[in-house]
Each structure stands twice: as structure tokens, then as C-alpha cells.
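Dear colleague,

Please find below the structure that I am handing over to you. My notes on it follow directly after the display.

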Amino acid sequence: MESITGTSVGVTIGMTVILMGFCAFMTGQAIANTWRPFYQLYPYALLLGATDRFMIFALFEGELLSLTGYIFDTVILFAIMAAAFRITRVNKMLSQYPWLYERMGPFGFRAREGADV
């Protein structure tokens with residue numbers, strides 16, 4: 001695992017999943033709350049991945065220019081960001097249009113029966 005991420009498993013979990021994962025979650029929520037489109041997650045995920053690599057390098061002496069580590073971290077952060085985006089967008093649609101839509105799990109909604117959408 002250390003050869004892929006460029007740092008130890010504990011640092012990867014602590015920095016990428018917990019600290020930067022919280023940042024990714026908040027970013028996904030912010031993009032969804034302002035009704036911006038999904039494709040705007042991509043540049044933010046790339047920037048958060050670069051920030052994560054730099055923080056790992058500066059604080060824990062990890063590899064700064066580890067391409068596999070950057071890709072690994074960015075994919076994890078993008079997944080967290082996309083999940084937060086979708087959950088927030090679904091909750092927003094259901095709270096603003098309760099007469100039109102009903103929940104289909106945490107990531108989906110559908111038109112109510114008899115609703116003209």
C-alpha cells in the first residue's frame with residue numbers, strides 16, 4: 001500500500017479520508033446547495049488532491065510527486081465529493097418540491113404518481 005500512496009496507511013487514512021474527506025464532503029454540499037452542475041466537481045477534486053499531496057509532503061515527509069498517490073487520493077476525494085453532492089441535491093429537491101418528488105433511497109428520487117413533471 002505504501003508503494004501506491006507514497007506514505008503509510010495511517011497517514012493516508014488520517015489525511016485523505018478524514019481531514020481532506022471532510023473538505024471534499026463540504027465542497028460537494030456547497031456545489032449542490034448553489035445549484036451548480038455536477039461537472040464542476042472535477043476541478044475541485046483535482047485541487048483537493050493536490051492540496052492533500054502537499055499536506056502529506058509537508059507534515060509527514062511523504063512523496064510530493066507521487067503520481068499514483070495523487071491519483072489514489074483524488075479518486076477517494078472525488079467519490080466522497082460526488083456522494084455528498086448527490087445526497088444534498090436529493091434532499092434539496094425533496095424539501096423544495098415535496099408535491100412532485102418522493103425519495104428512492106439516499107441517492108435518488110422519482111416523480112410522485114399523478115404529478116405532472
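Glu-61 is exposed, with a relative accessible area of 74%, in a model that is predicted. The residue lies in the loop between α3 and α4. Although Glu-61 is not a glycine, its phi is positive, at about 55°. Most residues other than glycine have a negative phi. Trp-35 also carries a positive phi, near 60°, and is likewise a residue other than glycine. Trp-35 is found in the loop between α2 and α3. With a relative accessibility of 38%, Trp-35 counts as partly exposed.

Pro-37 is partly exposed, its relative accessible area being 33%. Apart from neighbours within four places in sequence, Pro-37 is in contact with Ile-31 and Phe-85. Phe-85 is 48 residues away from Pro-37 along the chain, yet their C-alpha atoms are separated by 9.7 Å.

As to the overall architecture, the chain has four helices and two strands. Read from the N terminus, the order of the elements is α-α-α-α-β-β. The C-alpha trace spans about 60 × 20 × 20 Å along its principal axes. The radius of gyration of the chain is 17 Å, whereas a compact globule of 117 residues would have one near 13 Å. Of the 117 residues, 34% count as buried. Among contacts in the chain with a separation of 6 or more, 57% are between residues 24 or more positions apart.

I turn next to the packing of the helices. Two packed helices are described by the angle between their axes and the distance between the axes.

Helix α2 (residues 9-33) packs against α3 at an angle of about 150°, and their axes are 10 Å apart. The two helices are therefore roughly antiparallel to each other, an angle over 145 degrees being the cut-off for that description. Their crossing is right-handed. By class, the contact of α2 with α3 comprises twelve nonpolar, four polar and one charged residues.

Helix α3 (residues 41-60) also packs against helix α4 (residues 67-96), here at an angle of about 130° and with the axes 8 Å apart. That angle makes α3 oblique to α4. The crossing of α3 and α4 is right-handed. The residues of the contact of α3 with α4 divide into 14 nonpolar, three polar and three charged.

The remaining pair to report is α2 and α4, which pack at an angle of about 35° with their axes 7 Å apart. Their crossing is right-handed. In the contact of α2 with α4 there are 13 nonpolar, eight polar and three charged residues.

Finally, a residue from the strands. Ala-111 is found in strand β2 (residues 109-111). Its relative accessible area is 37%, and Ala-111 is thus partly exposed. Ala-111 and Ala-58 are 53 residues apart in sequence, and their C-alpha atoms are 49 Å apart in space.

With kind regards

Definitions and conventions. Residues are numbered from 1 along each chain as its sequence is written. This is a predicted model: local features need pLDDT of at least 70, side-chain atom pairs count only at pLDDT 80 or more; totals for chains, interfaces and linings use all residues. Side-chain values use heavy atoms; hydrogens and water are left out. Axes are lines fitted to C-alpha atoms, for helices over the stretch in contact, and angles run from 0 to 180 degrees between N-to-C directions. Angles under 35 degrees count as roughly parallel, over 145 as roughly antiparallel, 65 to 115 as roughly perpendicular and the rest as oblique. A crossing is left-handed if the near helix is turned anticlockwise from the far one by less than a right angle, and right-handed if clockwise. Ala, Val, Leu, Ile, Met, Phe, Trp, Tyr, Cys and Pro count as nonpolar, Asp, Glu, Lys and Arg as charged, and the others, Gly among them, as polar. The radius of gyration is taken over C-alpha atoms; the globule rule is 2.2 Å times the number of residues to the power 0.38. Buried means under 20% relative accessible area, exposed over 50%, partly exposed in between (1.4 Å probe, protein chains only). Contact means heavy atoms within 4.5 Å.
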